[in-house]
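Open the model in a viewer and follow the selections below in order.

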Amino acid sequence: NEDRYATRVVLTNDGQLLTGLLESESPSEVVLKTLEKKKVAIARDDIDEIQISSRSLMPEFLLSDLTAQEAADLLAYLISLGTDPAGTDHP
């Protein structure tokens, strides 16, 4: 499920804002994994709102230290891991 890798923004009833990836959820709680790799459990009764963010947790400029060839190799590797949703083959 692609939504599992989407960043969640949780607003609690007391005004706290938490951001992370969805680690797990149940009828009673939501568990987020933060950028610092900490797991935070929030009781559903304490949640005012949950939204999916359009921003990624991946740090900006993550690829800035790579050469163009290294970035292309990484992209080719990542493409090889998944299925192509368009049904076309990538080189």
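Start by selecting Leu66, Leu74, Tyr77, Leu78 and Leu81: these residues form a nonpolar patch on the surface, with about 470 Å² of accessible area together. Patch members have over 30% relative accessible area and no salt bridge, with nonpolar side chains (Val, Leu, Ile, Met, Phe, Trp, Tyr) joined within 5 Å and like charges within 9 Å. Areas come from the Shrake-Rupley method with a 1.4 Å probe, and for residues only the protein chains shown count as cover.

This is a predicted model, in which local features need pLDDT of at least 70 and side-chain atom pairs count only at pLDDT 80 or more, while totals for chains, interfaces and linings use all residues. Residues are numbered from 1 along each chain as its sequence is written, and side-chain values use heavy atoms, with hydrogens and water left out.

Helices (H or I, at least four residues) and strands (E, at least two) are DSSP runs numbered from the N terminus. Leu81 is exposed, at 55% relative accessible area; exposed means over 50%, buried under 20%, and partly exposed in between.

Next, the salt bridges: the structure holds two, each a side-chain nitrogen of Lys or Arg within 4 Å of a carboxyl oxygen of Asp or Glu.

Select Glu23 and Lys39, whose side chains meet at 3.4 Å, N to O. Glu23 lies in strand S2 (residues 17-25) and Lys39 in strand S4 (residues 39-43), so this pair ties together parts 16 residues apart in sequence. Glu23 is partly exposed at 24%, and Lys39 is exposed at 57%.

Finish with Arg44 and Glu25, which meet at 2.8 Å, N to O. Arg44 sits in the loop between S4 and strand S5 (47-52) and Glu25 in strand S2, so the pair links parts 19 residues apart in sequence. Arg44 is partly exposed, at 30%.

Notes
Buried means under 20% relative accessible area, exposed over 50%, partly exposed in between (1.4 Å probe, protein chains only).
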